[in-house]
Amino acid sequence: MAEAAATTIERPEFVRPVETKAYGVVQKPLTAWEKIYDSGTARKTFLLVVMAVAWELYARWLASPLLFPTFGATVKAFWDAIADGVLPHRAWFSIKVLLQGYAIGLVLAALLTAFATATRIGADLLETLTSMFNPLPSIALLPLALIWFGLGNGSLIFVLIHSVLWSVALNTHTGFKAVSQTLRMVGRNYGLTGPRYIVKILMPAAFPSILTGLKIGWAFAWRTLIAAELVFGVSSGSGGLGWYIYENKNQLEIPAVFAGLFTVIIIGLVVENLIFRRIEMRTIRRWGMQT
Amino acid sequence: MPAPSTHKPLLQVRGVTLQYKTREHLVTATYRVDFEVYRADRFVMLGPSGCGKSTLLKAVGGYMEPTEGEMRLNDEVIRKPGADRMMVFQEFDQLLPWKTVRENVMFALTSSGRLKGKAAEDKAMQYIEKVNLTKFADSFPHMLSGGMKQRVAIARGMAMEPEILLMDEPFAALDALTRRKMQEELLQLWNDTRFTVLFVTHSIPEAVLLGNRILLLSPHPGQVKAELNSDGTDRTLSDGKVLSEHIQDMLFADAIEEESTHG
């Protein structure tokens, strides 16, 4: 045993020339199928088509247009409502209110987070407020809003602000807290302080979670708005998408109800896939903060 | 070489005690440390982990205040971070991920108000060229290797032309080959521009190679043990030992004392 360990086997050294050409195949073009499967748009389109077919088949099997209209009937009602201008008008009404509420919510969230970043009492305030109000459904505030602001956009915007403010502020604040110590020190090394430090260092560094906050805020706002419009949507003779759905339900125009829901879904898909996806591509993916 | 006494030191550290709080303890990182750095020095702080060398560097950077003693740069007491003391950190995440190499270097110049627009860009490119990254000027940090990121950080620090460049083990997280190359490049850069650098390391060979003056610190808490000269060649001392062996013996003496007091 000891002897075996003591003697090592002699081997000659060698140096080998390295092959510089003729590696064989290093790169191979993808097949058409691989290319299609590689595209996220293609995969998602395929899923949407499968769901539409399933809907159509189930509705035909059920054969009860009043309860569950077919995909075809819904698309037809959708086109008709677009053609006579009702649906675009209603959708625009909803989006306008939504954007107002969203914008005001973002400004308030920015102020609150800035205050929370600057002072410790501000951070406590933000944490307390978010833990109190974030779990409170916006729609629960609607009765109160109606008393305070009356039937109209004021009440809608109030509940929208409530639905945006807390999730955006909470995510931004959490994002700021997670910024690496090294990056903070780098920023201070350049002599950055106050608002310039927040805008130039903290905000880009925390952008992944800020973006998550924006997305959650958007979804909450959209949900809240449609729900609020279902309760009341008429102000000076016009209403939004929620009111459109409610109206058509009362008239038993079920395909139109589905068309209304369809519009809500489509707007959601467009905002997520066109707007937020673009922002993501140009920022956090480009910067390597998200894969 | 002129005698130091005829020149004023650039950085004076006098009796500096540094303490920081953890959740349970008040830790004394260094105890009454004195040293002086002169212009164009390659001043290395060397010591085992726990000797407070990084903490000392952070204090010079202005990120923490000494509980005792004071630090002066050009006779002004250091109170807060500033662009006259540029830091190069060990971490690869010190570059701003949302800016390209060029923008990272430029941003340091513009946000500190040194230069603007075209002038900032020219200065940035001049130093990016010095670290051989011209080809990668428009790449984002996540596309670069660790060594390249550190080169950008060094370019950024040097482009600011600070009074003193503070380097906190900038090559410690690199592989041996890259580290070797970066050390040579740093010496080359120093030969070109003769900047002043305060360099923290725990590697004896690195200290001997890079430093012209080596401050040896003992651990728990950090205290000055010796200050030695080096010419970069690991010269043989009068007792027949080479410099790195001599340093090693001094550091080991500490370790053995520790053992006997603790054990």
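Predicted model: local features only at pLDDT ≥ 70, side-chain atom pairs only at ≥ 80, totals over all residues.
Side chains of opposite charge can pair when their charged atoms come close. Here the side chains of A:Glu272 and A:Lys215 meet in a salt bridge, with 3.7 Å from N to O, and this distance counts because the cut-off for a salt bridge is within 4 Å. The pair links distant parts of the chain, since A:Glu272 belongs to helix H13 of chain A while A:Lys215 belongs to helix H11 (residues 207-231) of chain A, and the two are 57 residues apart. Over all chains, the count comes to 21 salt bridges.

How many salt bridges are counted between chain B and chain A? The count there is 0 salt bridges, although 11 residue pairs are in polar contact between chain B and chain A, with both residues at pLDDT 80 or more. On the side of chain B that touches chain A, the elements giving two or more residues are strand S6 (85-88) and helix H2 (101-111) of chain B, and H2(B) gives the most, with 4 residues. The table sorts this side of chain B by residue class.

| Class on the side of chain B that touches chain A | Count |
|---|---|
| Nonpolar | 13 residues |
| Polar | 6 residues |

Taken as a whole, the interface brings 24 residues of chain B into contact with 19 residues of chain A. The area buried between the two chains is about 2,000 Å², of which carbon and sulfur atoms give 65%.

Key
Residues numbered from 1 in each chain as written. Chains lettered and ligands numbered in written order. Heavy atoms only, no water. Contact = heavy atoms within 4.5 Å. Buried area = accessible area lost by both parts, 1.4 Å probe. Polar contact = N/O pair within 3.5 Å; in protein donor to acceptor, adjacent residues only side chain to side chain. Nonpolar A, V, L, I, M, F, W, Y, C, P; charged D, E, K, R; others polar.
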